[in-house]
Amino acid sequence: MKMEYRKLLHGSEQISVLGFGTSSIGMAGEKETEATMAMALEAGVNYFDMASADAVPFGAFGRAMAGQREKVYFQIHFGADYQSGTYGWTTDLDTIKRSVDWQLKELKTDYIDFGFLHCIDEKADMEHALKGGTLDYIRQLKKDGVVRHIGLSSHTPEVVHMALDAGILDMLMFSINPSYDYQQKEEYAIGTVDERLRLYRRCEAEGVGISVMKAFSAGQLLSAKTSPFRKALTEYQCIQYALDKPGVLTVLPGVRNREDLKRILGFLEAAPEEKDYSVLGTFAPQDTEGICVYCNHCQPCPSGLDVGLINKYYDLTLAGDALAKEHYASLELKAGDCTGCGHCDSRCPFHVAQSERMQEIRAYFGE
């Protein structure tokens with residue numbers, strides 16, 4: 001299997017599409033943690049999120065990457081405190097400083113690839129982070145070469161927009177899955193379908209990468225008994241769904257051991273039909289109808305158009321992404337080449353009138 005990589009636009013980093021979430025690895029113990037990280041590195045996984053509900057065995061990660069630091073990107077959270085042995089959330093600057101120093105020591109490294117404002121879901125917490133010293137601390141570390149990039153983890157579109165407005169982000173950790181995008185009453189399903197899609201598009205338009213947490217909705221989507229849709233999706237469907245969203249660079253499944261990792265890595269060799277999530281169109285809410293989610297279930301187009309990509313470049317251009325307009329212009333076949341045969345209309349699980357939309361896009365770009 002061969003890992004795929006996506007480039008961070010605010011840098012030169014090539015980030016593996018499959019990352020490593022450490023939410024549960026602490027339960028595996030030091031030996032299994034070290035072996036699992038070694039296996040990940042060998043498979044080409046290079047992005048590791050170090051936030052966890054348990055005390056992550058940072059020392060095991062430090063040992064596993066010994067002599068290979070340049071192959072690893074660590075996402076370190078300023079506000080996640082593990083010094084007591086259990087996870088704690090804090091906005092106290094002195095506690096944050098001690099926690100970050102402890103993590104660097106345990107990881108045996110002197111720099112942080114991505115320094116994140118941690119789990120900021122409320123506007124008041126974001127205002128505190130922006131003015132209370134945490135952001136200034138991260139910026140000073142960046143100036144000193146200790147932090148390479150600044151990021152934010154959040155579940156709230158409105159809060160993320162505050163950070164984007166402030167122009168501070170290179171990377172965003174955000175919860176993306178069909179349940180959160182399409183269900184309005186989930187604990188973390190904050191924002192409507194349109195609001196969440198606009199956020200993804202804005203991130204891509206402004207070159208802010210997204211690392212995806214909760215791709216399986218804490219496992220709920222993998223069982224018909226717990227799924228809000230009352231139908232189960234597979235891990236591979238959820239991963240592909242997240243990777244198809246604008247701005248997304250990597251998905252961070254929670255890995256508990258080598259067995260979990262081996263199964264997740266199977267995504268790289270899975271057949272397209274194993275990743276096809278178009279079944280969502282049969283049970284997602286009515287307010288998702290008419291919205292292209294770039295699933296490409298309409299393929300193959302009889303005229304050879306990449307309908308999903310045309311839609312994505314159009315949506316991104318509307319969001320202010322000048323580069324997307326250039327990408328559209330470089331397409332060999334554009335919306336104006338649509339013959340209106342209706343093939344895509346009949347196959348779209350979200351009931352998008354794609355043949356009509358192709359004319360709208362053609363007119364917008366002045367073909």
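Buried means under 20% relative accessible area, exposed means over 50%, and partly exposed lies in between, using a 1.4 Å probe and protein chains only. Arginine 256 has a relative accessible area of 44%, so this residue is partly exposed. The model is predicted: local features need pLDDT of at least 70, side-chain atom pairs count only at pLDDT 80 or more, and totals for chains, interfaces and linings use all residues. Residues are numbered from 1 along each chain as its sequence is written, and side-chain values use heavy atoms, with hydrogens and water left out.

Stay with arginine 256. Its partner in a salt bridge is aspartate 260, with the closest N and O atoms 2.6 Å apart. A salt bridge here is a side-chain nitrogen of Lys or Arg within 4 Å of a carboxyl oxygen of Asp or Glu. Aspartate 260 has 4% relative accessibility and therefore counts as buried. The pair belongs to a network of salt bridges that links Glu235, Arg256, Asp260 and Arg263.

By this rule, the count comes to 14 salt bridges. Side chains of opposite charge can pair when their charged atoms come close. Another of these pairs joins arginine 63 to glutamate 30, at 2.6 Å from N to O. Arginine 63 sits in helix H2 (residues 58–64) and glutamate 30 in helix H1 (residues 30–43), so the bridge ties together parts that are 33 residues apart in sequence. Helices (H or I, at least four residues) and strands (E, at least two) are DSSP runs, numbered from the N terminus. Arginine 63 is partly exposed at 37% relative accessibility. Glutamate 30 is partly exposed at 40%.

Next comes arginine 202. Its salt bridge goes to glutamate 206, with 2.7 Å between the closest N and O atoms. Arginine 202 is buried, at 18% relative accessible area. Glutamate 206 is partly exposed, at 35%.

Now turn to helix packing. Two packed helices are described by the angle between their axes and the distance between the axes. Helix H12 (residues 307–318) and helix H15 (residues 354–364) have axes that come within 11 Å and cross at roughly 45°. This makes H12 oblique to H15. Axes are lines fitted to C-alpha atoms, for helices over the stretch in contact, and angles run from 0 to 180 degrees between N-to-C directions. Angles under 35 degrees count as roughly parallel, over 145 as roughly antiparallel, 65 to 115 as roughly perpendicular, and the rest as oblique. On the H12 side, the residues that meet H15 include Val307, Ile310 and Tyr314. On the H15 side, Met358, Ile361 and Tyr364 are among those that meet H12.

Helix H6 (residues 157–165) has these buried residues: Pro157, Val159, Val160, Met162, Ala163 and Leu164. They pack against helix H4 (123–131), strand S9 (147–154), strand S10 (171–175) and helix H8 (193–205), where contact means heavy atoms within 4.5 Å. Just after H6, glycine 167 takes a positive phi of about 65°.

Some backbone details remain. Cysteine 119 is not a glycine, yet has a positive phi of about 50°. This cysteine 119 is in the loop between strand S8 (112–117) and H4. Lysine 214 also is not a glycine, and has a positive phi of about 55°. Lysine 214 lies in the loop between strand S11 (209–213) and helix H9 (235–243). The peptide bond from glutamine 299 to proline 300 is cis, with omega near 0°. Proline 300 is in the loop between helix H11 (272–275) and H12.
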